[in-house]
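Hi,

Here is the structure I promised to pass on. Have a look at it first, and my notes follow below.

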Amino acid sequence: MLRTLALGAALFVSTPALACPMADAAAFAKAAEQVQTADGTKVSLTVAGMHCGDCSTKVTAALQGVDGVIAVAVDYQTGAAEIAYDAAKVDVAALVSAVEGTGFQATKKQDA
Ligand SMILES: [Cu+2]
């Protein structure tokens, strides 16, 4: 009985992230704007394999945990990760390995 309740609660908690892509896109647009207006060097990464808001939250948290990272925006739908960082403290390779530490593959997006 308790076990069933716990499982039900876990499903209830994890569902909104999967069911709400619109809110996620809006959050990304807002975060991407903060990256654009932030000081520092900007880089765009492509992150492969993200499929829901939990994935982008995980990648965002990993990048924000890197010393020298100023602002982060991650969109699981397009795989885009926009980052503003202090080039004196951190480089792109360190950002890529921070993402890969979460289990996703990251590559630097080629400049258009
Ligand atoms: Cu996910």
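**What I found**

Asp 75 stands opposite Ala 80 in β3. Strands here are DSSP runs of E with at least two residues, helices are runs of H or I with at least four, and both are numbered from the N terminus.

Before going on: this is a predicted model, where local features need pLDDT of at least 70, side-chain atom pairs count only at pLDDT 80 or more, and totals for chains, interfaces and linings use all residues. Residues are numbered from 1 along each chain as its sequence is written.

β2 and β3 (residues 80–85) run antiparallel, joined by 6 bridges; two strands count as paired if DSSP finds at least two bridges between them. They belong to an open, antiparallel sheet of 4 strands, ordered β2-β3-β1-β4. At the edges sit β2 (69–75) and β4 (105–108), each pairing on one side only. On average, neighbouring strands are turned by 25° against each other, direction ignored (axes are lines fitted to C-alpha atoms, for helices over the stretch in contact, and angles run from 0 to 180 degrees between N-to-C directions).

Two helices pack on this sheet, with contact meaning C-beta atoms, placed from the backbone, within 7 Å. α3 touches β1 (41–48), β2 and β3, and its direction makes about 165° with that of β2. α4 (residues 92–100) touches β1, β3 and β4, at about 30° to the direction of β1.

Finally, Gly 53 is in α3 (residues 53–64). Its C-alpha atom is 8.2 Å from that of Asp 75, 22 residues apart along the chain. Gly 53 is buried because 23 other C-beta atoms lie within 10 Å (buried takes 20 or more, exposed 12 or fewer, partly exposed in between, with C-beta atoms placed from the backbone).

Cheers
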